[in-house]
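Me: I would like to learn how to read the features of a protein model one at a time, with the general idea set out before each case. Could we work through it as a dialogue?

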Amino acid sequence: MGAKEAENNRVIARNRKARHDYQIEESIEVGLVLTGSEVKSLRQGRASLADAYAAESQGELVLFNAHIQEYAAANRDNHQPRRTRKLLLHRREMDRLLGAVSRKGMTLVPLDLHFNRRGIAKLQLGLAQGKRKTDKRAAEREREWKRAQGRLLKNRVE
């Protein structure tokens, strides 16, 4: 996602553990089938992708376990907070992603939920490979080294 695209997207929810637990190989923006009360709740920023994942169900790609809080003003027409939501993408893209999941043992992880510049809710979906504990430790060491390096360079300049 470029800098110009990032300016136009308003992030609603971000899955921060996804980049820690998985090595993201590729990401793709997909649409969601939502009800009116879900969209209103998203506009208030009431969503969580903490335990969410995407998988195939009856020939369609579906988002499981994403929590969108109920909208208070919806009364009896409210939605279920953790219901499954159909993802919208081209058949060819879906087949390619599901092929990678089945052949290479990869996972489809939601990275963030945002509104695009037209005000439509979109999901950034990542094709990811799970990290082992040693990989996570190596990534942590790398982050620490970058931080220390930045401090050293900052102190050196002054």
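What follows is a conversation about helices, strands and salt bridges in this structure.

Me: Before we start, what kind of model is this, and how are its values and numbering to be taken?

Reply: This is a predicted model, in which local features need pLDDT of at least 70 and side-chain atom pairs count only at pLDDT 80 or more, while totals for chains, interfaces and linings use all residues. Residues are numbered from 1 along each chain as its sequence is written, and side-chain values use heavy atoms, with hydrogens and water left out.

Me: How should I read a helix that has a buried side, and which residues of H3 are buried?

Reply: An α-helix has 3.6 residues a turn, so residues three or four places apart point the same way. Helices (H or I, at least four residues) and strands (E, at least two) are taken here as DSSP runs, numbered from the N terminus, and buried means under 20% relative accessible area, exposed over 50%, and partly exposed in between, with a 1.4 Å probe and protein chains only. In H3 the buried residues are Ser37, Glu38, Ser41 and Leu42. Looking down the axis of H3, these buried residues fall within an arc of 140°, so they line one face of the helix; the arc is that of the directions from the helix axis to the C-beta atoms.

Me: What does that face pack against, and what does Ser41 touch?

Reply: Contact means heavy atoms within 4.5 Å. The buried residues of H3 pack against several strands, including E1 (10-14), E7 (85-88), E8 (107-115) and E9 (121-130). Ser41, which is found in H3 (residues 36-43), counts as buried because its relative accessibility is 0%, and, not counting residues up to four places away in sequence, Ser41 touches Arg46, Ile68, Gln69, Glu70, Tyr71 and His79. After H3 comes Gly45, whose phi is positive, near 80°.

Me: What would an exposed helix residue look like by comparison?

Reply: Arg103, placed in helix H4 (residues 91-104), is exposed, with a relative accessible area of 65%.

Me: How do I read the two faces of a strand, and which residues of E7 are on the covered one?

Reply: In a regular strand the side chains alternate between the two faces of the sheet. For E7, Arg85 and Leu87 make up the covered face, and Lys86 and Leu88 the uncovered one.

Me: Which strands pair with E7, and in which sense, parallel or antiparallel?

Reply: Two strands pair if DSSP finds at least two bridges between them. Strand E2 (residues 22-32) pairs with E7 in the antiparallel sense over two bridges, with Leu88 of E7 as the bridge partner of Gly31. Strand E5 (residues 60-64) also pairs with E7 in the antiparallel sense over two bridges, and there Lys86 of E7 is the bridge partner of Val62.

Me: How enclosed is E8, and how many bridges join E8 to E9?

Reply: Eight of the nine residues of E8 are buried, so this strand is largely enclosed by the rest of the structure. Eight bridges join E8 to E9, and the two run antiparallel, forming a hairpin with five residues between them, where Gly119 in the turn has a positive phi of about 85°. E8 is also joined to E1 by four bridges, again antiparallel. Phe115 of E8 is the bridge partner of Arg10, and Ala121 of E9 is the bridge partner of Phe115.

Me: How are salt bridges to be read, and how many are found in the whole structure?

Reply: Side chains of opposite charge can pair when their charged atoms come close. The criterion used here is a side-chain nitrogen of Lys or Arg within 4 Å of a carboxyl oxygen of Asp or Glu, and a search of the whole structure finds seven salt bridges. In one of them, Arg83 pairs with Glu38, the closest N and O atoms being 2.8 Å apart. Arg83 lies in the loop between E6 and E7 and Glu38 in helix H3, so the pair ties together parts that are 45 residues apart in sequence. Arg83 is partly exposed at 26% relative accessible area, whereas Glu38 is buried at 0%.

Me: Where do Glu142 and Lys146 lie?

Reply: Both lie in helix H5 (residues 133-157), four residues apart, about one turn of the helix, and their side chains meet in a salt bridge (3.9 Å, N to O). Elsewhere, salt bridges that share partners join Glu38, Arg83 and Arg85 into one network.
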